[in-house]
Amino acid sequence: MFERPASGERAVIVQLDLGQGAIDERLSELKLLVASAGASVEAVVQGRRAAPDSKLFAGSGKVQEIAEALRAHAADIVIFNHALSPGQQRNLERELQCMVIDRTALILDIFAQRARSHEGKLQVELAQLEHLATRLVRGWTHLERQKGGIGLRGPGEKQLETDRRLLGNRVKMLKSRLAQIEKQRKVRRRARERRDVLSVSLVGYTNAGKSTLFNALTKAGAYAADQLFATLDTTSRRLYVGGANVVLSDTVGFIRDLPHALVAAFQATLEETAQADLLLHVVDSASEDRDAQISAVNEVLAEIGAAEVPQILVWNKIDLTRAAPAVERGDCDRIRRIFLSARTGEGLDLLRDALAEVASQTFGDNADRLTGAADERSEQS
């Protein structure tokens, strides 16, 4: 029988080049993820393959190299910056005699550590259970043992079947609770729409500075740190700009190859983004990989149905790039990009003016529609 090895905090990380590009950036991001999870990187194993090996993902030769790195550095866990199938994970753990986790499990672990609100904890648990459900059969074969002994033998269900049934019941209950929370959120959203409140969501790659910007605009004191996924729970605050009411929401940061289980679990929270009147897409302008990060965020926005929501790019961290605060406009004189520093406050006045302009345009359009409807009713009467 195969028993899973114990976990640890001294990690060997594995990054293979499968032709996806940006390997150095992916490796740097993996190191940040490992540090955010509380582990230390003891060794890095890299390689190149045309396609993953069906049995061991990395191939037998590379697995031997990983084993040597484990022994040389007294490491106790291997982390792949790739998605592993349940069978590949089981085979790797048998070969290496240590716990092996993939990118999805690593991000789930970070989310589990960072969840603070009741809803956030429910969402993370749902994602973890749905990820675990795919690994009950192949990675945890010890669960298939039936209880034995006098008085315990019989035709009852196997332990694996019991676990699968209990897991399914828990998933159903979590989805029910999250659906109830989403109903409450929709009621609040309708109330905002009736009061002509501009709904604005901060989106962006993780660690782009969204929470710092949120605090700078609202003085909310939300948790902000130089780490990946510092913010999980959506926080909303009212903001007055140019005489207009704005509700500003700080959301979870995105990342390339964000696990689909997480997107599904956080669907209710992310729907707040899809229903927003405006997205402030915060970009770390000091990052060399910013173009890829922008693309990764837009991919997730498309997945949650927010691709058509108007966006303003907020080019943050100009204090690191020595750029000047500015507003860049595109077609029809629409604001396209704002250069600012959330940390120093440079350019924040430009962003406030931009929000006031959007609010004026939005409420002006609403006023025109209401006036037109009233005139039409007068004519009919």
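The legends below accompany close-up views of a predicted model.

**Figure 1. An open sheet of four parallel strands.** The strand order in this sheet is β2-β1-β3-β4, and the strands pair in the parallel sense. The edge positions belong to β2 (40-48) and β4 (99-101); each has a single partner strand, so one side of each is left without a neighbour in the sheet. From one strand to the next, the twist averages 20°. Strand β1 (residues 10-17) is joined to β2 by eight bridges, in the parallel sense. Within this pairing, Gln-15 is placed opposite Gln-46 of β2.

**Figure 2. Helices α1 and α2 on the sheet.** Helix α1 spans residues 23-36 and lies across β1, β2 and β3 (77-80). Its direction makes an angle of about 160° with β1. Helix α2, formed by residues 60-73, also lies across β1, β2 and β3. For α2 the angle of about 160° is taken to β2.

**Figure 3. Packing of α1 against α4.** Two packed helices are described by the angle between their axes and the distance between the axes. Helix α4 comprises residues 103-114; its axis and that of α1 come within 9 Å and cross at roughly 40°. The two helices are therefore oblique to each other, since roughly parallel would require an angle under 35 degrees. The crossing of α1 and α4 is left-handed. From α1, the contact is made by Glu-29, Leu-30, Leu-33, Val-34 and Ser-36, and from α4 by Arg-103, Leu-106, Ile-107, Ile-110, Gln-113 and Arg-114. By class, the residues of this contact are six nonpolar, two polar and three charged.

**Figure 4. Packing of α2 against α3.** Helix α3 consists of residues 86-96 and packs on α2 at an angle of about 50°, the axes being 10 Å apart. Helices α2 and α3 are therefore oblique to each other. Their crossing is right-handed. On the α2 side, Val-63, Ile-66, Ala-67 and Leu-70 meet Leu-92, Glu-95 and Leu-96 of α3. The contact of α2 with α3 has six nonpolar residues and one charged residue, with no polar residues.

Figure 5. Strand β8 covers residues 278-284, and seven of its seven residues are buried. Leu-278, Leu-280, Val-282 and Asp-284 point one way from β8, whereas Leu-279, His-281 and Val-283 point the other way. Residues on both sides of the strand, including Asp-284 and His-281, are buried. Strands β5 and β8 run parallel and are joined by five bridges; Leu-202 has Leu-280 of β8 as a bridge partner. Strand β9 (residues 311-316) pairs with β8 in the parallel sense over six bridges.

**Figure 6. The surroundings of Leu-198.** Leu-198 belongs to strand β5, which spans residues 198-204. Leu-198 has a relative accessible area of 0%, and because the cut-off for burial is under 20%, this residue is buried. Beyond its neighbours within four places in sequence, Leu-198 is in contact with Asn-245, Val-246, Val-247, Asp-277, Leu-355, Val-358, Ala-359, Thr-362 and Phe-363. Among these, Phe-363 lies 165 residues from Leu-198 along the chain. The C-alpha atoms of Leu-198 and Phe-363 are separated by 8.3 Å.

Notes
Residues numbered from 1 in each chain as written. Predicted model: local features only at pLDDT ≥ 70, side-chain atom pairs only at ≥ 80, totals over all residues. Heavy atoms only, no water. Pairing = 2+ DSSP bridges. Axes fitted to C-alpha atoms, helices over the stretch in contact; angles between N-to-C directions. Contact = heavy atoms within 4.5 Å. Buried < 20%, exposed > 50% of the residue type's maximum accessible area, 1.4 Å probe, protein only. Parallel < 35°, antiparallel > 145°, perpendicular 65-115°, else oblique. Left-handed = near helix turned anticlockwise from the far one by under 90°. Nonpolar A, V, L, I, M, F, W, Y, C, P; charged D, E, K, R; others polar.
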